[in-house]
Amino acid sequence: MRVLFAIVAAVFVAGSAMAEERSAGIENTIQSQVDAFLAEDTATAFSYASPNLKRLFGTPERFGTMVQNGYPMVWAPSEVRFLELRRQGELLFQKVLFVDKNGAPHVLEYNMMQSEQGWVIDGVQYLVAPPVGA
(Lines give C-alpha, C1' and ligand atoms only; values in the text may rest on other atoms or scores of the structure.)
Protein backbone atom coordinates (compact mmCIF):
# COMPACT_ATOMS: atom_id res chain seq x y z
CA MET A 1 0.00 0.00 0.00
CA ARG A 2 2.84 2.39 0.85
CA VAL A 3 4.50 1.71 -2.49
CA LEU A 4 1.25 2.45 -4.33
CA PHE A 5 0.83 5.69 -2.37
CA ALA A 6 4.42 6.70 -3.16
CA ILE A 7 3.88 6.05 -6.87
CA VAL A 8 0.62 8.03 -6.92
CA ALA A 9 2.26 10.89 -4.99
CA ALA A 10 5.24 10.94 -7.38
CA VAL A 11 2.95 11.04 -10.41
CA PHE A 12 0.91 13.85 -8.83
CA VAL A 13 4.03 15.89 -8.01
CA ALA A 14 5.45 15.37 -11.50
CA GLY A 15 2.10 16.30 -13.04
CA SER A 16 1.88 19.41 -10.87
CA ALA A 17 5.39 20.46 -11.86
CA MET A 18 4.56 20.02 -15.55
CA ALA A 19 1.32 21.98 -15.09
CA GLU A 20 3.20 24.81 -13.36
CA GLU A 21 5.81 24.84 -16.13
CA ARG A 22 3.07 24.89 -18.79
CA SER A 23 1.22 27.69 -16.99
CA ALA A 24 4.43 29.73 -16.59
CA GLY A 25 5.27 29.26 -20.27
CA ILE A 26 1.81 30.36 -21.38
CA GLU A 27 1.82 33.38 -19.07
CA ASN A 28 5.30 34.32 -20.28
CA THR A 29 4.16 34.17 -23.93
CA ILE A 30 1.13 36.38 -23.32
CA GLN A 31 3.06 38.85 -21.14
CA SER A 32 5.86 39.03 -23.72
CA GLN A 33 3.35 39.88 -26.42
CA VAL A 34 1.75 42.55 -24.20
CA ASP A 35 5.21 43.99 -23.47
CA ALA A 36 5.87 44.16 -27.21
CA PHE A 37 2.58 46.01 -27.76
CA LEU A 38 3.48 48.47 -25.00
CA ALA A 39 6.77 49.09 -26.83
CA GLU A 40 4.82 49.40 -30.11
CA ASP A 41 6.98 46.58 -31.47
CA THR A 42 4.44 44.85 -33.68
CA ALA A 43 7.05 42.55 -35.27
CA THR A 44 7.91 41.01 -31.90
CA ALA A 45 4.23 40.88 -30.87
CA PHE A 46 3.43 39.12 -34.17
CA SER A 47 6.12 36.52 -33.44
CA TYR A 48 3.93 35.16 -30.59
CA ALA A 49 1.01 34.50 -32.95
CA SER A 50 0.27 31.03 -34.28
CA PRO A 51 0.87 30.18 -37.94
CA ASN A 52 -2.92 30.42 -38.46
CA LEU A 53 -3.02 34.01 -37.20
CA LYS A 54 0.09 34.92 -39.17
CA ARG A 55 -1.58 33.67 -42.36
CA LEU A 56 -4.79 35.53 -41.50
CA PHE A 57 -3.14 38.92 -40.91
CA GLY A 58 -0.16 38.57 -43.23
CA THR A 59 2.03 41.32 -41.76
CA PRO A 60 2.96 42.56 -38.30
CA GLU A 61 1.59 45.99 -39.21
CA ARG A 62 -1.87 44.66 -40.08
CA PHE A 63 -1.84 42.57 -36.91
CA GLY A 64 -0.81 45.57 -34.80
CA THR A 65 -3.53 47.75 -36.33
CA MET A 66 -6.16 45.10 -35.56
CA VAL A 67 -5.04 44.85 -31.92
CA GLN A 68 -4.77 48.60 -31.47
CA ASN A 69 -8.27 49.17 -32.86
CA GLY A 70 -10.05 46.01 -31.69
CA TYR A 71 -8.30 45.30 -28.39
CA PRO A 72 -7.05 48.63 -27.01
CA MET A 73 -6.94 47.13 -23.50
CA VAL A 74 -4.32 44.66 -24.76
CA TRP A 75 -2.41 47.30 -26.75
CA ALA A 76 -1.97 49.60 -23.75
CA PRO A 77 -3.09 48.01 -20.46
CA SER A 78 -2.52 49.62 -17.10
CA GLU A 79 -2.65 46.18 -15.44
CA VAL A 80 -2.52 42.53 -16.52
CA ARG A 81 -3.56 39.71 -14.19
CA PHE A 82 -3.54 36.02 -15.11
CA LEU A 83 -6.61 34.08 -14.05
CA GLU A 84 -7.42 30.41 -14.62
CA LEU A 85 -5.88 28.09 -17.17
CA ARG A 86 -8.30 25.47 -18.44
CA ARG A 87 -8.07 22.49 -20.73
CA GLN A 88 -10.76 21.48 -23.19
CA GLY A 89 -9.64 18.31 -24.90
CA GLU A 90 -6.28 19.08 -26.49
CA LEU A 91 -6.80 22.86 -26.26
CA LEU A 92 -5.58 25.14 -23.48
CA PHE A 93 -7.30 28.43 -22.65
CA GLN A 94 -5.78 31.12 -20.45
CA LYS A 95 -8.09 33.76 -18.96
CA VAL A 96 -6.48 37.15 -18.48
CA LEU A 97 -7.83 40.24 -16.78
CA PHE A 98 -6.76 43.47 -18.46
CA VAL A 99 -7.41 46.85 -16.87
CA ASP A 100 -7.46 49.60 -19.49
CA LYS A 101 -6.04 53.10 -19.08
CA ASN A 102 -9.45 54.31 -17.79
CA GLY A 103 -9.52 51.65 -15.06
CA ALA A 104 -12.17 49.45 -16.72
CA PRO A 105 -11.69 45.66 -16.39
CA HIS A 106 -11.76 43.36 -19.42
CA VAL A 107 -11.48 39.57 -19.35
CA LEU A 108 -10.06 37.86 -22.41
CA GLU A 109 -9.48 34.18 -23.02
CA TYR A 110 -6.40 33.19 -25.01
CA ASN A 111 -6.41 29.99 -27.06
CA MET A 112 -2.89 28.63 -26.66
CA MET A 113 -1.07 26.01 -28.66
CA GLN A 114 2.31 24.36 -28.40
CA SER A 115 4.63 24.85 -31.37
CA GLU A 116 8.22 23.93 -32.13
CA GLN A 117 9.21 27.40 -30.83
CA GLY A 118 7.17 27.04 -27.62
CA TRP A 119 3.72 28.40 -26.74
CA VAL A 120 1.95 30.60 -29.29
CA ILE A 121 -1.36 32.43 -29.28
CA ASP A 122 -3.96 30.97 -31.63
CA GLY A 123 -6.81 33.35 -30.89
CA VAL A 124 -8.35 35.62 -28.29
CA GLN A 125 -11.97 35.83 -27.23
CA TYR A 126 -13.45 38.73 -25.29
CA LEU A 127 -15.40 37.53 -22.25
CA VAL A 128 -17.77 39.42 -20.01
CA ALA A 129 -15.88 41.61 -17.56
CA PRO A 130 -16.35 40.87 -13.87
CA PRO A 131 -18.53 43.21 -11.84
CA VAL A 132 -16.70 46.20 -10.40
CA GLY A 133 -15.27 45.31 -7.00
CA ALA A 134 -15.10 41.56 -7.76
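Reply: The protein has five helices and four strands, where helices (H or I, at least four residues) and strands (E, at least two) are DSSP runs numbered from the N terminus. Along the sequence they follow the pattern α-α-α-α-α-β-β-β-β. This is a predicted model, in which local features need pLDDT of at least 70 and side-chain atom pairs count only at pLDDT 80 or more, while totals for chains, interfaces and linings use all residues. Residues are numbered from 1 along each chain as its sequence is written, and side-chain values use heavy atoms, with hydrogens and water left out.

Of the 134 residues in the protein, 34% are buried; buried means under 20% relative accessible area, exposed over 50%, and partly exposed in between (1.4 Å probe, protein chains only).

A nonpolar core is a set of buried Ala, Val, Leu, Ile, Met, Phe, Trp, Tyr and Cys residues joined through side-chain atoms within 4.5 Å. The largest one holds 23 residues, and those that touch the most other members are Ile30, Phe37, Phe63, Val74, Phe98, Tyr110 and Met112. Elements that give two or more residues to this core include helix H1 (2–38), helix H4 (60–70), strand E2 (91–99) and strand E3 (105–115). H1 gives the most, with five residues.

Now the rings themselves. A pair of aromatic rings is described by the distance of the centres and the angle of the planes. Rings of Phe, Tyr and Trp (its six-membered ring) pair if their centres lie within 6.5 Å; planes under 30 degrees apart count as stacked, over 60 as edge-to-face and the rest as tilted. The whole structure has five such aromatic pairs. In one of them, the ring centres of Phe37 and Phe63 are 6.0 Å apart and the planes are at 35 degrees, so the pair is tilted. Phe37 is in helix H1 and Phe63 in helix H4, 26 residues apart, and the pair links these distant parts of the chain. Phe37 counts as buried because its relative accessibility is 1%, and Phe63 counts as buried at 5%.

Phe98 and Tyr110 also form a tilted aromatic pair, with 6.4 Å centre to centre and 35 degrees between the planes. Phe98 lies in strand E2 and Tyr110 in strand E3, so the pair ties together parts that are twelve residues apart in sequence. Phe98 is buried at 0% relative accessibility, and Tyr110 is buried at 1%.

What does Phe98 touch, not counting residues up to four places away in sequence? Taking contact as heavy atoms within 4.5 Å, its partners include Val34, Met73, Val74, Pro77, Leu108 and Tyr110.

Gln33 lies in helix H1 and counts as buried at 4% relative accessibility. Leaving out residues up to four places away in sequence, Gln33 touches Ala45, Tyr48, Ala49, Phe63, Tyr110 and Ile121. Phe63 and Tyr110 on that list are also among the core residues named above.

Strand E3, which holds Tyr110, runs antiparallel to E4, and nine bridges join the two; strands pair if DSSP finds at least two bridges between them. E3 and E4 form a hairpin with two residues between them.

Finally, Phe37, Phe46, Phe57, Phe63 and Trp75 form one aromatic cluster.
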